[in-house]
Amino acid sequence: MEKLRIVFMGTPEFAVGILDTILKHNYEVVGVITAADKPAGRGQKVKFSAVKEYALANNLNLLQPTNLKDEQFLTELKNLNANLQVVVAFRMLPEVVWRMPKLGTFNLHASLLPNYRGAAPINWAIINGETKTGVTTFFIDDKIDTGAMILSKEIAIDENENAGNLHDRLMELGNEAVAETLTVIEKGNVITTIQQDSSKIKTAYKLNKENCKIDWTKSGNEIHNLIRGLSPYPCAWCFFEDKNEQWNVKIYDATFTTENHNHPIGKIQTTKRELKVAVANGYIEVKSLQFPGKKKMSTSELLNGINFSDEAYVK
């Protein structure tokens, strides 16, 4: 058995839980690599990554390279004398970095590989209506999320679960997967499985404004899946139109009911507390949303301050 000296690489909150698990299992973390600080928000104040906040709070050795091929960074990384690197929600590594430690570099990915390789696996699993997902650990190679798999763990996706809730459950599952992966590596019992490529593999494309926009001509289930798959971030959106006005609106929560009707697709129907949108095979009832310049609010809160006419539509 070889004592592990670990360099951890990650940036968002998802990675923090994994780093915390590594420390709680009494592994030695000799260094933490995270994204460089950058301004964010309206005030453009410099914001630390979630991993940096955790590293500082726990007095961990921290590096924030802007260029992973920079000679100074590579020297600093080598001087940490790690024999294993663990990567969670970071960035693509150059070969000179992932080949550096003796025992390799493994990544935790929030999908059942080889499906949903890419930037947004949690979101796309829900958007595509999957009933199960999971996490996979694998040794990094020269492509994105294609390396030899070490182990995977599976969970069911609830039909009304959103990406935020699934994120939190997968982080817990990831904690277990990383702990087990570290154990087999430490004991020298690693058995890997090569990923098999096929045309049926689904991809976790990077999210952008276009693929987050609601297409109201799709089925109610597809629209419902898009809304919950993008909630709470980055959020599905569309245009509300009424009385020659148009608003860019984010929709955080909605339900779908199958029902026959004669309303045009996109027609908004309201009561004092409810807002429904007609779709091809029923209605999407919007539960919470956000208008431009306003905070997120429930539909009933919105309807206390705005009255839609019979001409109101979404598009």
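**The largest pocket and its surroundings**

Modeller: The lining of the largest pocket holds 27 nonpolar, 9 polar and 10 charged residues. Here Ala, Val, Leu, Ile, Met, Phe, Trp, Tyr, Cys and Pro count as nonpolar, Asp, Glu, Lys and Arg as charged, and the others, Gly among them, as polar. This is a predicted model, in which local features need pLDDT of at least 70, side-chain atom pairs count only at pLDDT 80 or more, and totals for chains, interfaces and linings use all residues. Residues are numbered from 1 along each chain as its sequence is written, and side-chain values use heavy atoms, with hydrogens and water left out.

In total, 46 residues line this pocket. T11, P12, A89, F90 and A119 lie nearest its centre. A pocket is an open set of points on a 1 Å grid over the protein atoms alone, where a 1.4 Å probe fits, with protein on both sides within 12 Å along at least five of seven lines; lining residues have an atom within 4 Å of a point. The elements giving two or more residues to the lining are α1 (13-24), β3 (38-40), β7 (105-109), β8 (117-118), α5 (121-127) and α6. Helices (H or I, at least four residues) and strands (E, at least two) are DSSP runs, numbered from the N terminus. The space inside is about 1,800 Å³. That volume is the space filled by probe spheres set on the points, with grid points joined across faces, edges and corners.

The second largest pocket has about 260 Å³. Its lining includes K209, Y233, W237 and F291.

Now α6, one of the lining elements. This helix spans residues 163-187 and contains E186. E186 is buried and has no salt bridge. Buried means under 20% relative accessible area, exposed over 50%, partly exposed in between (1.4 Å probe, protein chains only). A salt bridge needs a side-chain nitrogen of Lys or Arg within 4 Å of a carboxyl oxygen of Asp or Glu.

Then β3. D37 lies in the loop between β2 (28-33) and β3, and K52 in helix α2 (residues 50-57), so their pairing ties together parts 15 residues apart in sequence. The two side chains form a salt bridge at 2.8 Å, N to O. D37 is partly exposed at 31%. K52 is buried at 7%.

Notes:
Lys, Arg positive; Asp, Glu negative; His and termini not counted.
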